[in-house]
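Keep the structure open and follow along.

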Amino acid sequence: MADAAPTIGTPLEAEIRRRIAAAGPMPVGEYMALCLTDRAHGYYTTRDPLGARGDFITAPEISQMFGELIGLWMAAVWKQMGEPDNIRVIELGPGRGTMMTDALRATRVIPAFRTAVVLHLVEISPALQAQQEATFQELPVPMFWHAALKDVPAGPAIIVANEFFDALPVNQAVKTDRGWHERRIEVDSEGKLAFTVAPDPIPHFDRLLPPAVREAAPSSIFEWHADTVAMEMGRRIGRDGGAALVIDYGHAVSAVGETLQAVGQHAYANPLTAPGTIDLTAHVDFQALARAVESMGANSFGPIEQSEFLRRLGIETRAASLKAKAAGTRAAEIDAALARLTGHDRTGMGMLFKAAAYAHPSVGVPPGFES
C-alpha cells in the first residue's frame, strides 16, 4: 500500500515544495522572505498582524508614551541638525501608524519642526498601508509611501525603525568539522518540511566572521541579515545628513545561537508549519548593524537597553504627568504600561529590546545616548 501524500497546510507551502522539488533545498533566508513578503500569500502582504487580535503587540500599541518620546527625540535631533526647513521623517515599517501619530502629536509644542516635516513611510503591506492612511487622515503634514528606503528622495532625514530589522530575512550557517555549511530547508523522508545543511562548506566564510564566532564549537548556528537596508540607511545619513533610531530586540555583540522564531496568536509556533500564516523573526545583531552603517560614513551610538533609553528621555516624568490627570482605573493602566515598556521581568520589554542611533558626524551625540 502506498504511503499517504503529505498534508499541505497553506498555498504558500505548496509553492515552497514546488521550488524545492525544482531546485533542491531552499536557503533559510529565501524561505523567510517568501513567508513574510510573497505578494500573494506572504504574512505581511496579506494581513494586519498587530494588536490583541493579531499575533503580537508592539511598544507603540502599549502606550502613547512610547511614540511621544520618539517624537520629542526627533525634534531634538532636528535642532542638532541646524533646523533644516525640509526634513524627511522616514519610518521603516510603520505598523498601523500609531507611533508616528503619537510622535507628531507630541511635537505640537515645537511648531517649526512640524512645519518642516515631510513624512515618508516605507511599507510593503497593502493591508497596513490602508490602516496607516486611515490613521494619518488628520495629520497636517505632507506624506508619501514607498516600497523601499532607496525610493525615498535624497535630502536631510531622520529615520526611525521600531521592530523593523528583526523581520528582515535571516541567513543561517551550521559549523561542522569541515567548516560552515549553509542551513537549508528540504522535504524529508516523511514528506515534511525540515532543516538540513548544504553538503559543501561556504567558501572562505571564516574570514568574514568575528573571532569569537570563528572559534565556535561544531553544531553551532550563526545567523546574519543582509546589509542592504543598513548600508542604505548609513549611506543616506553619511551623504545627506541626519540621524536614525533603531529599536528592536537583539544582541549587542555578534554571537552564535539560533534566534529564528515563529509567533502566531501571541504564542510561539514551529517556523516550518503553516508558512505565510505566522510571523517569523530573528534577533538583530546590533554589532553587525553598526558595522554596516559605519562603513557608509555615519557614526553609531549604543545599543542600550530600551528601559534605559526611555528613562533618559523622561518616560517616568511623562507617566507621572499622565497619572495626575487620570481618572478611574487609568492610573493603574499607565503604571502597567510603564512596567511593560521598561520592566526586566518575563513580560517586560526593557532589557530584551535595545535602542541604537546612527548619525552624521555633524549631528553629534543623539539624545539618550550621552555617556
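**Cavities and a pocket**

The second largest cavity has a volume of about 40 Å³. Helix 5 (64-80), strand 5 (157-162) and strand 10 (242-251) each give two or more residues to its lining. Keep in mind that this is a predicted model.

Which residues line the second largest cavity? They are Phe 66, Ile 70, Met 99, Val 160, Ala 161, Asn 162, Leu 245 and Ile 247. Strand 5 gives the most, with 3 residues. By class, the lining of this cavity has 7 nonpolar residues and 1 polar residue, with no charged ones.

Now turn to the largest cavity. The structure holds 2 cavities of 30 Å³ or more, and the largest contains about 60 Å³ of space. Its lining includes Phe 222, Glu 223, Trp 224 and His 225. Strand 9 gives the most to this lining, with 4 residues. Also in the lining are Val 170, His 251, Ala 255, Gly 257, Thr 259, His 283 and Asp 285. The classes here are 4 nonpolar, 5 polar and 2 charged.

Next comes an open space. The second largest pocket has a volume of about 400 Å³. Its lining has 19 residues, and the closest to the pocket centre are Trp 224, His 225, Asp 227, Ala 288 and Arg 291. Trp 224 and His 225 also line the largest cavity. Which elements each supply at least two residues of the pocket lining? They are strand 9 (221-225), strand 14 (284-285) and helix 11 (286-294). By class, the pocket lining has 14 nonpolar, 1 polar and 4 charged residues.

Methods
Residues are numbered from 1 along each chain as its sequence is written. This is a predicted model: local features need pLDDT of at least 70, side-chain atom pairs count only at pLDDT 80 or more; totals for chains, interfaces and linings use all residues. Side-chain values use heavy atoms; hydrogens and water are left out. On a 1 Å grid over the protein atoms alone, a cavity is a set of points where a 1.4 Å probe fits but cannot get out, and a pocket is an open set with protein on both sides within 12 Å along at least five of seven lines; lining residues have an atom within 4 Å of a point. Grid points are joined across faces, edges and corners, and a volume is the space filled by probe spheres set on the points. Ala, Val, Leu, Ile, Met, Phe, Trp, Tyr, Cys and Pro count as nonpolar, Asp, Glu, Lys and Arg as charged, and the others, Gly among them, as polar.
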